[in-house]
Amino acid sequence: ESAALISMMCGLDALGYNAWVTGDYKRSKTLFDEGLAIARRQHNDLYTSQFLIGLARVIQDLHDISDKEQFYEAGLEEQRRIGDYVGLTVFLYRYAFFLLHHGDLNKAQKLARESLDLARELDMWREYQEILDCNGMIAFKLGEYERAKVLLQEALARNEEKGMAYLRAYI
């Protein structure tokens, strides 16, 4: 794998993320799709995982994609094959978050719990807060109010502990 291809994938990932952050979702999707195609051709699992995560973010924000769940299912299978547990943890959370708003809450809960277990095991403190939030929101929607309260209070405590108290309003 040449340094030029690695640089290209790195650039596509950064540009795709920047486009997503600035709300240019179609451009972001185009960049992540291009990067994913290159990563797959090069059999580069690390960048395949990164581009799948990027696409998972963008697809949540696009309203004109009808096959979102098929994307998440295929992406989850590929993430499991790759074995990048950090990437898998983030992808599970993104899929669960999608299902929280657009799909099967029981499946969302299963994916979110798996993501939470992995985040704890891998000590992913930054993502852990978002994963706790997702688990808490799913529990709330399922009527598990005590569990939701425990999860969301833990998220809030973690935010303050890590200097991320600005997220208090979100929770």
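## Helices α2 and α3

Helix α2 passes helix α3 in a left-handed crossing. This comes from a predicted model. Helix α2 covers residues 25–41. The two helices pack at an angle of about 155°, and their axes lie 9 Å apart. Angles over 145 degrees count as roughly antiparallel, so α2 is roughly antiparallel to α3.

Which residues of α2 and α3 make the contact? On the α2 side they are Y25, S28, K29, F32, D33, G35, L36, A39 and R40. On the α3 side they are Y47, T48, F51, L52, G54, L55, V58 and D61. By class, this contact has nine nonpolar, four polar and four charged residues.

## Helices α3 and α4

Helix α3 spans residues 45–61, and helix α4 spans residues 68–82. They pack at an angle of about 155°, with axes 10 Å apart. That makes α3 roughly antiparallel to α4. The crossing of α3 and α4 is left-handed.

From α3, the residues in contact are D45, T48, S49, L52, I53, L55, A56, I59 and Q60. They meet K68, F71, Y72, G75, E78, Q79, R81 and I82 of α4. The residues of this contact divide into eight nonpolar, five polar and four charged.

## A look at D61

D61 sits in helix α3.

Leaving aside residues up to four places away in sequence, D61 touches W20 and Y25. Y25 belongs to α2, and both Y25 and D61 take part in the contact of α2 with α3. K141 is 80 residues from D61 along the chain. The C-alpha atoms of D61 and K141 are separated by 21 Å.

## The whole chain

How many helices and strands does the chain have? It has eight helices and zero strands. From the N terminus on, the elements run α-α-α-α-α-α-α-α. The radius of gyration is 16 Å, close to the 16 Å that the globule rule gives for 171 residues, so the chain is as compact as a globular protein of that length.

The C-alpha atoms fill a box of roughly 50 × 35 × 30 Å, taken along the principal axes. Of the 171 residues, 45% count as buried. Contacts can also be sorted by separation in sequence. Among those between residues at least 6 apart, 53% join residues at least 24 apart.

Notes. Residues are numbered from 1 along each chain as its sequence is written. This is a predicted model: local features need pLDDT of at least 70, side-chain atom pairs count only at pLDDT 80 or more; totals for chains, interfaces and linings use all residues. Side-chain values use heavy atoms; hydrogens and water are left out. Axes are lines fitted to C-alpha atoms, for helices over the stretch in contact, and angles run from 0 to 180 degrees between N-to-C directions. Helices (H or I, at least four residues) and strands (E, at least two) are DSSP runs, numbered from the N terminus. Angles under 35 degrees count as roughly parallel, over 145 as roughly antiparallel, 65 to 115 as roughly perpendicular and the rest as oblique. A crossing is left-handed if the near helix is turned anticlockwise from the far one by less than a right angle, and right-handed if clockwise. Contact means heavy atoms within 4.5 Å. Ala, Val, Leu, Ile, Met, Phe, Trp, Tyr, Cys and Pro count as nonpolar, Asp, Glu, Lys and Arg as charged, and the others, Gly among them, as polar. The radius of gyration is taken over C-alpha atoms; the globule rule is 2.2 Å times the number of residues to the power 0.38. Buried means under 20% relative accessible area, exposed over 50%, partly exposed in between (1.4 Å probe, protein chains only).
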